[in-house]
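Subject: A structure for you to look at

Hello,

Here is the structure I promised to pass on to you. Please open it next to this email and follow along as you read.

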Amino acid sequence: MKEYFKFIRIILLMTVFNCAVLPGTAQSYIQYVDSADFYIKRKMWNDAERMTLGALKQFPANKLNYLLWSNLGDIRLALGKTEDALQAFDIGIIGSPENTSLLNKRAHARFLAKMDTLALRDLDKSLEIDSVQRWPLRTRGMWMLSQKKYDIARNDFESLKRHFPLDEAAYLGLGQLEAINGNSEKALEMYDKALELNANEETWFYKITIEIESDKLEKAEDDLRYSLKRFPRCGNLYLLRGLIHKIKFQNEAAEIDRKIALEYGSDPLVVEKILPSNHKQEGNNNKKR
């Protein structure tokens, strides 16, 4: 953001000096822009917002003010003022409707505001303008995957893998698609590649889940031991360990893992589905009798 703001400052100042602006106004404008830069570098967001607004008021007709509106949106997001940030991005896009950076930023803010459909429109437009963009491809791919629009998701992840081969999200997304299609070996291959690039707990969870479903319990246990050393407070990994204990009829160990999974933040509904509580199991056994 710092380097981006320096670029903004240079362009804005060139515009000021090429326009018929009163000397005093130009000087004040420069001071506001410099002050905003000073406060942004120190993450003093309230002051950065005040100075950016001051610059916009000094020279509201500047055709390149969309750059400042873009910056203002970033500042407001840092302040947690999502609605105000959206307003800033809206104004910026009016000044530069084909600006992919602004469209992407507004999409991000709209996702934060739970405006998923509108956010997706921004991503669609941004990718129509420039189809090779990392964040829009991975974000739209994951969103389409969650909505079961698998063809679009696959196209986005394949493009992401082709143009950004070091982005683990491409392999994670493709792995999930292969798992959905029942291609376990291909899914594991994709997850292994994702783990090479970024060994995070989410990818470990997906990989070990496939190993369990494929009856590769020994491999799943090895991976669980390794991943739990790296992520000892990941509830979902304990949930999978509990599932293996359950498969092996080690019910006491499974119940212990169930409690740990809940303590470390696993979704209670998911936990109950995979490892039902003892009380529920007893109720099901009584029904069978």
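A crossing is called left-handed if the near helix is turned anticlockwise from the far one by less than a right angle, and right-handed if it is turned clockwise. Helices here are DSSP runs (H or I, at least four residues), numbered from the N terminus, and strands are runs of E with at least two residues.

Before the findings, two notes on the model. It is a predicted one, where local features need pLDDT of at least 70 and side-chain atom pairs count only at pLDDT 80 or more, while totals for chains, interfaces and linings use all residues. Residues are numbered from 1 along each chain as its sequence is written, and side-chain values use heavy atoms, with hydrogens and water left out.

**Helix pairs**

Two packed helices are described by the angle between their axes and the distance between the axes. The axes are lines fitted to C-alpha atoms, for helices over the stretch in contact, and angles run from 0 to 180 degrees between N-to-C directions. Angles under 35 degrees count as roughly parallel, over 145 as roughly antiparallel, 65 to 115 as roughly perpendicular and the rest as oblique.

Start with α4 (residues 66-78) and α6, which pack at about 25 degrees with their axes 11 Å apart. These two helices are therefore roughly parallel to each other, and the crossing of α4 and α6 is left-handed. In contact terms (heavy atoms within 4.5 Å), Y66, S70, D74 and L77 of α4 meet L102, K105, H108, A109 and L112 of α6. By class, this contact of α4 with α6 has five nonpolar, two polar and two charged residues. Here Ala, Val, Leu, Ile, Met, Phe, Trp, Tyr, Cys and Pro count as nonpolar, Asp, Glu, Lys and Arg as charged, and the others, Gly among them, as polar.

Next, α6 (residues 100-112) also packs with α7 (residues 116-129), at an angle of about 160 degrees and with the axes 8 Å apart. That makes α6 roughly antiparallel to α7. The crossing of α6 and α7 is left-handed. Among the residues in contact are L103, A107 and F111 of α6 and L118, L123 and I129 of α7. The contact of α6 with α7 divides into seven nonpolar, three polar and five charged residues.

Further along, the axes of α13 (residues 217-230) and α14 (residues 235-247) come within 10 Å and cross at roughly 150 degrees. That makes α13 roughly antiparallel to α14. Their crossing is left-handed, with a contact that includes L224 and L228 of α13 and L240 and I244 of α14. This contact of α13 with α14 has nine nonpolar, one polar and two charged residues.

**Pockets**

On a 1 Å grid over the protein atoms alone, a cavity is a set of points where a 1.4 Å probe fits but cannot get out; a pocket is an open set with protein on both sides within 12 Å along at least five of seven lines, and lining residues have an atom within 4 Å of a point. Grid points are joined across faces, edges and corners, and a volume is the space filled by probe spheres set on the points.

The largest pocket has a volume of about 310 Å³. Its lining is F205, Y206, T209, E213, L240, L243, V270, K273 and I274. Which element gives the most to this lining? That is α12, with four residues.

The second largest pocket holds about 200 Å³ of space. Its lining includes L145, Y150, Q176, Y191 and I210, and α12 again gives the largest share, four residues.

Enjoy exploring!
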